[in-house]
Amino acid sequence: MFHDICLQAFRLGGVDAVNALLKQQFPSVADRVRAMEDLQETGYWSIAWHEKKHPDGGMYRDFGSVREYLAEDDEG
């Protein structure tokens with residue numbers, strides 16, 4: 001599970017390591033956004049999103065970054 005890989009990265013280098021891992025694993029911004037959405041859905045990760053107005057109306061996430069790991073370190 002990708003959450004487990006991100007948790008390992010977090011334990012080694014904090015959120016900077018998780019963000020670097022995301023950029024390495026998902027060079028495409030759209031793929032990286034989907035991966036961060038999946039991480040956020042676990043409830044363990046807080047993501048800082050940048051949203052942009054869609055030309056057809058509404059908003060969409062065009063990039064983001066992991067901001068915080070929300071669980072206790074031993075809960076991984």
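1. Contacts of S46. Beyond its neighbours within four places in sequence, S46 is in contact (heavy atoms within 4.5 Å) with S65, V66, R67, E68 and L70. The residue lies in strand β1, residues 45–53; helices (H or I, at least four residues) and strands (E, at least two) are DSSP runs numbered from the N terminus. The model is predicted: local features need pLDDT of at least 70 and side-chain atom pairs count only at pLDDT 80 or more, while totals for chains, interfaces and linings use all residues. Residues are numbered from 1 along each chain as its sequence is written, and side-chain values use heavy atoms, with hydrogens and water left out.

2. Burial and polar partner of S46. S46 has a relative accessible area of 9% and is therefore buried (under 20% relative accessible area; exposed is over 50%, partly exposed in between; 1.4 Å probe, protein chains only). The side chains of S46 and R67 are joined by a polar contact of 2.7 Å (a pair of N or O atoms within 3.5 Å; within protein, one must be able to donate a hydrogen and the other to accept it, and residues adjacent in sequence count only if both atoms are side-chain atoms).

3. The strand pair. β1 and β2 pair in the antiparallel sense over 9 bridges, where pairing requires that DSSP finds at least two bridges between two strands. K53 has M59, in β2, as its bridge partner. The hairpin has 5 residues between the strands, and G57 there takes a positive phi near 105 degrees.

4. The form of α1. Helix α1 (residues 2–25) has 24 residues, yet its end C-alpha atoms are only 10 Å apart, against the 34 Å that a straight helix would reach; the expected span is 1.5 Å times one less than the number of residues. A kink of about 135 degrees is centred on G13, the bend being the angle between axes fitted to the seven residues ending at a residue and the seven starting there.

5. Packing of α1. The buried residues of α1 include H3, C6, L7, V18, L21 and L22. Its buried residues pack against α2 (29–41), β1 and β2 (59–69).

6. Overall arrangement. The protein has 2 helices and 2 strands, in the order α-α-β-β from the N terminus on. Its C-alpha atoms fill a box of roughly 45 × 20 × 20 Å along the principal axes. Of its 76 residues, 29% count as buried.
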